[in-house]
Amino acid sequence: MDRAYRYLFPGRIALTAIALAISAVRGGDGSSLSTGDLKKMSLEELMDLEITSVSKRPENLNEAASAVQVITREDIRRSGATSLPEALRLASNLQVAQLSTREWAISARGFNATFANKLLVMIDGRTVYTPLYSGVFWDAQHVLLEDVDRIEVISGPGGTLWGSNAVNGVINIVTKSAEETQGLYLAGGGGSLLRDFGEARSGGKTGNLFYRIYGSHADRDGLVNAGGKDTHEPSALSQGGFRMDWRRSEADGFMVQGDMYGSDFQSPGPGETDLNGQDVLANWTHAFSPESDLQAQVYFDRTWRKAVFTPAVAFTDELKTYDFDFHHRFPLGSRQNVMWGAGYRWMQDEVGNVPYFSFLPAEKDLSRFNAFVQDEIALLSRRVKLTLGTKLEHEEYSGFNLQPSARIALSPDARQTLWGAVSRAVRTPSRIDVEFFAPTPPYAAPTLHYAGGPDFDSEGLLAYELGYRVQPMPRLSLSLAAFYNQYDGLRSLEFADVPNLGLEFRNGLDADSRGAEVSGDFQAASWWKLRGGYTYMESDVWQKSGHTDLEIPFGKWNDPAHQFSLQSMLDLPAGFEVNVSGYYVSSLPDPHVQPRMNYSAGLVWRHRGLEASVYGRDLADDHDPEFGSGPQREEIPRSVSGKVAWRL
């Protein structure tokens, strides 16, 4: 313990600095339901909402054999969320913690960290993934929340359909079609933390071609330190884009969309991060019959960031991603529905190294291809559905990876589904696992060198799940899921065999985790809806034989045992609404964070296309930490903001 601490403590400081620097040196188509339609929906109708993330085809939420929660556009609007991570707090099967005005730690089923790497996130099928650490730079992910149709959040592996890194969960953000966003939308406002913002969108049509364009800008103030003082780390973000949907015929549909954005993040001293990017995606669907269709998708995504340490030292990273994917679904006999597909992704990553750390080589081309097949078999008068499938994937660090799964769902009637699953998923190596190098300077002895491990292999998961989804009465729906996960070959930090090299990453840890998730919706009255959930989880991590990890004594992940969330949406006469959302998170072990309970509340007035609202956020305390430790830890202050929106 003493030996580990002697080396690890300065090492953690170094890794933290590296992590902060990398992140930014601080320094499917949706349904065609209108907002009014959704507001009128009964819970029974909501349970019939079609989702696509579980089986890669439209299916009713009530029949999905997976622990999936859906955040609808109405849930987002009535939460007063102003960013994507804030909206994700509505999913009780996610752990969401804010670190700074632009940094978030988000994960499902544990292993949360500043750079959580076991969660796959997609926006309209475009994977927002960085090969630097197998995770998501949340400061580069923005969507106009007004255009989000729903967010599907799956806790549990999804590697069979979605590939590597869908280990602990999948988030699929689905935006509205251009046909659903006709007319003009204008919004603006500001407040104490979200200082000012403006949004505009215009949609139109020409024949069977529907289109929209949008633009948005937001200025945010920095968070506060433990003393409640402003950290002076404001951020500014501008983004614009378009979407076009063309229905060529009943059988063929085309969609093209694109975005471009630019951000600037300030921090005290010379620290500053510039960020910009562009993406464009095209999708074609062809229906052969109600049971058979083909979908092909291609996209390009570019992200560039520059993190300034000093006026003369700046880390840069430019990632270009080219991706092609298709899948085909067809019936086989009267009881089987087969889906198969393949894809290829090519990533060009180029970093500008700094003296503090490097990625060697600086320029890297990464390619991966995959193929999958899945067979859905109806049994016992179609009340039982057995789904078998696997994905075969190849990437250059670990070679071939196989991710099979078996799922079974029993639906005795339309109101309940009992399901179980056994799945394998992998997290493939990232550049930080294999090609990272941090020399001793500028850190004082006894800090050692840090390096990626040349033999680093994929981390594996074998997951067992059991769930039950039921609507016991028209006004109440419940979903329960229990899981047991076995992890193999997790990343460890160990002494290298080469003298004087220092420490390197290896696959020296095994782990298991277990827990349960409960979520539900309750229409208490025609004018009052409640939704919420509870998650319990515990985990054990241990060293594999022959390995000595230097981080175990300090806890490699920081997960709460208990989480609870509740959202109340109350309609009042004369177009008024009162919306309250709150959560409780038990303590984080290391770095320690006290249990926290917080809530936000808003008053909304709606009249025809006009909407005015005022929201107070994080109202329980003057300021509250959510993650991290040390004197640099930032805390989230109580804030208030107002918004006026006009839909024509």
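Is Phe400 buried or exposed? With a relative accessibility of 54%, Phe400 counts as exposed; here buried stands for under 20% relative accessible area, exposed for over 50%, and partly exposed for what lies in between, using a 1.4 Å probe and protein chains only. Before we go on, please keep in mind that this is a predicted model, in which local features need pLDDT of at least 70, side-chain atom pairs count only at pLDDT 80 or more, and totals for chains, interfaces and linings use all residues. Residues are numbered from 1 along each chain as its sequence is written, and side-chain values use heavy atoms, with hydrogens and water left out.

Let us stay with the rings for a moment. Rings of Phe, Tyr and Trp (for Trp, the six-membered ring) pair if their centres lie within 6.5 Å; planes under 30 degrees apart are called stacked, over 60 edge-to-face, and the rest tilted. That rule gives 18 aromatic pairs. One of them joins Phe369 to Phe400 in an edge-to-face arrangement, with 6.3 Å between the centres and 80° between the planes. The pair links distant parts of the chain, since Phe369 belongs to strand 20 (residues 363–379) and Phe400 to strand 22 (residues 399–413), 31 residues apart. Helices (H or I, at least four residues) and strands (E, at least two) are DSSP runs, numbered from the N terminus. Phe369 is partly exposed, at a relative accessible area of 40%.

Elsewhere, ring pairs connect Phe309, Phe315, Tyr356, Phe357, Phe359 and Phe436 into a cluster. Several of these names return in the largest nonpolar core, which has 28 residues, and where Phe309, Phe315, Val354, Phe357, Phe359 and Phe436 have the most contacts. A nonpolar core is a set of buried Ala, Val, Leu, Ile, Met, Phe, Trp, Tyr and Cys residues joined through side-chain atoms within 4.5 Å. Two or more residues each come from strand 16 (292–310), strand 17 (313–332), strand 18 (336–352), helix 7 (431–434), strand 24 (436–438) and strand 28 (503–525). Strand 17 gives the largest share, three residues. Another core lies apart from this one, with 25 residues, among them Leu94, Trp104, Trp138 and Ile173.

Rings also meet charges in this model. A charge sits over a ring if NZ of Lys or CZ of Arg is within 6 Å of the ring centre and within 35 degrees of the ring normal. Lys56 lies over the face of Trp162, 4.7 Å from the ring centre, and Arg305 lies over the face of Phe137, 3.9 Å from the ring centre.

Now for the strands, which pair if DSSP finds at least two bridges between them. An open sheet of five strands runs in the order 3-8-9-6-7, with mixed pairing. Strand 3 (67–72) and strand 7 stand at its edges with a single partner strand each, so one side of each has no neighbour in the sheet. Within the sheet, strand 6 (residues 119–123) and strand 9 (residues 169–175) run parallel and are joined by five bridges; Leu120 stands opposite Val170 in strand 9.

Further along, strand 13 (residues 235–247) and strand 14 (residues 252–266) run antiparallel, joined by 13 bridges, and a hairpin of four residues connects them. Trp246 has Phe254 in strand 14 as its bridge partner. Strand 14 also pairs in the antiparallel sense with strand 15 (residues 272–289), over 15 bridges. Strand 36 (residues 639–647) pairs antiparallel with strand 10 (residues 183–191) over seven bridges, and eight bridges join strand 33 (residues 610–617) to strand 36, again antiparallel.

Asp147 sits in the loop between strand 7 (126–127) and strand 8 (148–155) and is buried, at 3% relative accessibility. The side chain of Asp147 makes a polar contact with that of Arg212 at 3.4 Å; such a contact is a pair of N or O atoms within 3.5 Å, where within protein one must be able to donate a hydrogen and the other to accept it, and residues adjacent in sequence count only if both atoms are side-chain atoms. Ala226, in the loop between strand 12 (209–220) and strand 13, is exposed, with a relative accessible area of 55%. The C-alpha atoms of Ala226 and Ile636 are 9.7 Å apart, although 410 residues separate them in sequence.
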